[in-house]
Amino acid sequence: MTDVKTNVSGFFPRPPYLREKLKSIGGLQKESMKEETKKEIIDYVNRARNEVIKLQNKANLDYCSEGQLLWDDLLAYPATKINGFKMNGLIRYYNTNRFYRTPIIKNKLKLDNDFIIEDTKKAQNISNLPITTLLPGPFTLLDLSENKYYDKSYDAINDIKKILINKITSLEDLGIETIQIDDPSITKNFDGIKRVHRDLKDKTDLTLIINTYFGDATPIFDELNDIVDGIGLDLVNFESNWEILKNKKTPRVLKLGLFDSKNTRVERKKKVVREVENILEFIDSEEIIISTNLNLDFLPWPVMEKKIETIGLVGEEF
Amino acid sequence: MIDTLFPTTVIGSYPKPKWLNRVRELNKEDKFSDKKLKEAEDDAAKIIINEQERAGLDVFNDGEMRREEMVEFFADKIPGYRFYGPVRVWGNNYFNKPSVVEELRAPDPMLVDEFEFNRKFASKDKIIKVPITGPYTIAEWSFNEVYDTKKELIFRLAEIINEEIKRLEDAGARCIQIDEPALSTRPEEVELVGNAIDETVEGVNVDKTILHACYGKFSEIYPEILDFDVDQFALEFANNNFKYIDALKEYEFTKELGLGCVDVHKSSVESVKTIKENIRRGLEVVNPESLWINPDCGLKLLPKSSSFKKLKNMVKAAQELREENI
Ligand SMILES: [Zn+2]
């Protein structure tokens, strides 16, 4: 019997008041921010986090995302908290019309400031649903950065791994049960996928879901499936990912990206229910999570709300 | 169309007066009527037309005083589009990305009033350039809820824009510039863009059709773009230090070149000498008769005073070269 759960991929769009506030102070990553301003921002972020957590609770999802409202993109937030990175100019984010600032590795990567932990605690305090936390995947962090320090990418990925393990352990101490690791670049099939993700997994009992998108997961699926608890698949943009479901042994937890974060058209409940029923016939996972294919910040706020509501309604059918 | 060597022009946008932005804000908050906004836009347009005349340009417009954003402006006028709210472009920068929610229908004239106004208030010996966002860029920056493929959407938009260009031609426009900043971002789609551009200018008989592209790795779309059915390519060069000029030399450049010779991302004003050197780089690609002089891209993000000074120096550089050449 497979448990059917629901969630979203996290990374919410910012509500207007938070955007305006950040605009008025000229961006987040200012080094010389006054304590007073910092406090103010924290208040605005708390308010926005409350709002997105409420949405997920109201829609009766099974897991709740913290929201990642402070994150400018998948890399900037962690990279500004890790020693050794310097932020550089804007570059196109995969094959999208979005841009991100390239982190440059200038020095040995070491954890500097806390990140994620405080935000996660706050989310836990206000959500009745269990919180899933998001971490950037090691291969993506390295792939989208410019390495000007390490001679071998092996050493770079090892240091990134250490930082992630530190975070995973702290999150486990907080009682977090599931972490979603967004690793879109992993589909480019780098060396060492097995080793790195096994090392992450070995240090913890909580469930790690490696979320893939922007690429076909087929070439790396088997390798990943051998070692991790969970895998996320984009089932909107990659027809080939459906073949994985039909033909391969699936992981213990399967995150199904059936809702498209890159289109404002809201999915029809009945259609998704049928898709899930269909999937249940040919997979052997313990748990599936009906979800979005990728970050919600590709959507305007009202459409994001509508999609969350619909995911909740689909979940009620199972 | 124009008998001087090295015609000087702009790509389109110019910094807006602060009061115009304020009036627009108040209009959005319903504190200022549409009529008052229109008045403010008219005033701003006259000022910018005058400013560009004083800079000495040959071909220009109103600095797009009536337009806020190059996709939003058109999507707002085409029935079938809807705005749900802003979407992140990067960091804390959001853009009102429109969604196609019904099959697109023919809009009322979108730019004819603007053109007629500009024509009326610019000196008769000057030429008005009308920038219009191309079908590929509008489609690329829209959500598509309706059409089965992006291609279908692009070609529907090409029809709509073609219709608009014909209206402009009927109103007396002689110089149309299609803006496709998205062109060089997806080099693998260059053929699709070309077909869409051909459709966009189908049956158009204005004196000059120009295609503007920026942020580009032009080496990846060259020489394919030479097949596009336009007279001129206005491209960005100054910002990337003429990185792609050599690539353009590999094949005979069979069109006119609009040479981006001042940077729109740096407010420091290039000297006349520097601009002259930049223009000479353009002459490595085309004959003097085929070279137009323009900034890399729209000027709207620059401080007002450096916009004006950049244009003035650009005009002076062209002038000096004309004298040296003839
Ligand atoms: Zn441009």
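Which strands form the open sheet of chain A, and in what order? Before answering, I note that I am working with a predicted model, in which local features need pLDDT of at least 70 and side-chain atom pairs count only at pLDDT 80 or more, while totals for chains, interfaces and linings use all residues. Residues are numbered from 1 along each chain as its sequence is written, chains are lettered from A and ligands numbered from 1 in the order in which they are written, and side-chain values use heavy atoms, with hydrogens and water left out.

**Entry 1, the open sheet of chain A.** I find 3 strands in the order β3-β4-β6, with mixed pairing. The edges are held by β3 (82-92) and β6 (146-147) of chain A, each with a single partner strand, so one side of each is left without a neighbour in the sheet. I took helices (H or I, at least four residues) and strands (E, at least two) as DSSP runs numbered from the N terminus, and I counted two strands as paired if DSSP finds at least two bridges between them. Between β3(A) and strand β4 (residues 99-111) of chain A I see 8 bridges in the antiparallel sense, and R92(A) stands opposite F99(A) in β4(A). Helix α6 (residues 153-173) of chain A lies across β3 and β4 of chain A and runs at about 90 degrees to β4(A); here axes are lines fitted to C-alpha atoms, for helices over the stretch in contact, and angles run from 0 to 180 degrees between N-to-C directions.

I next asked which residues lie on each face of β8(A). T207(A), I209(A) and N211(A) are on one side and L208(A) and I210(A) on the other, all of them buried, where buried means under 20% relative accessible area, exposed over 50% and partly exposed in between (1.4 Å probe, protein chains only). Strand β7 (residues 178-182) of chain A runs parallel to β8(A) and is joined to it by 5 bridges, with D182(A) partnered by N211(A). The chain passes from β7(A) through helix α7 (residues 193-202) of chain A to β8(A) in a right-handed β-α-β crossover, meaning that, with the strands pointing away from the viewer, the path from the first strand over the helix to the second runs clockwise. With strand β9 (residues 230-234) of chain A, β8(A) pairs in the parallel sense over 3 bridges, and the partner of I209(A) there is G230(A).

I looked up the donors and found H212(B) (NE2), C214(B) (SG) and C297(B) (SG), at 2.1 to 2.3 Å; donors are N, O and S atoms within 2.8 Å of the metal (3.2 Å for Na, K and Ca), and sites may look incomplete because water is not among the atoms. The donor spacing in sequence is H-x1-C-x82-C. C214(B), in the loop between β9 (208-213) and β10 (232-235) of chain B, and C297(B), in the loop between β12 (291-294) and α10 (304-325) of chain B, link distant parts of the chain, 83 residues apart. Both C214(B) and C297(B) are buried.

Taking a disulfide as a pair of cysteine sulfur atoms within 2.5 Å, I count 0 disulfides over all chains. For C261(B), the nearest cysteine sulfur is that of C297(B), 13 Å away, and C261(B) is buried, with a relative accessible area of 0%.

Notes:
Contact = heavy atoms within 4.5 Å.
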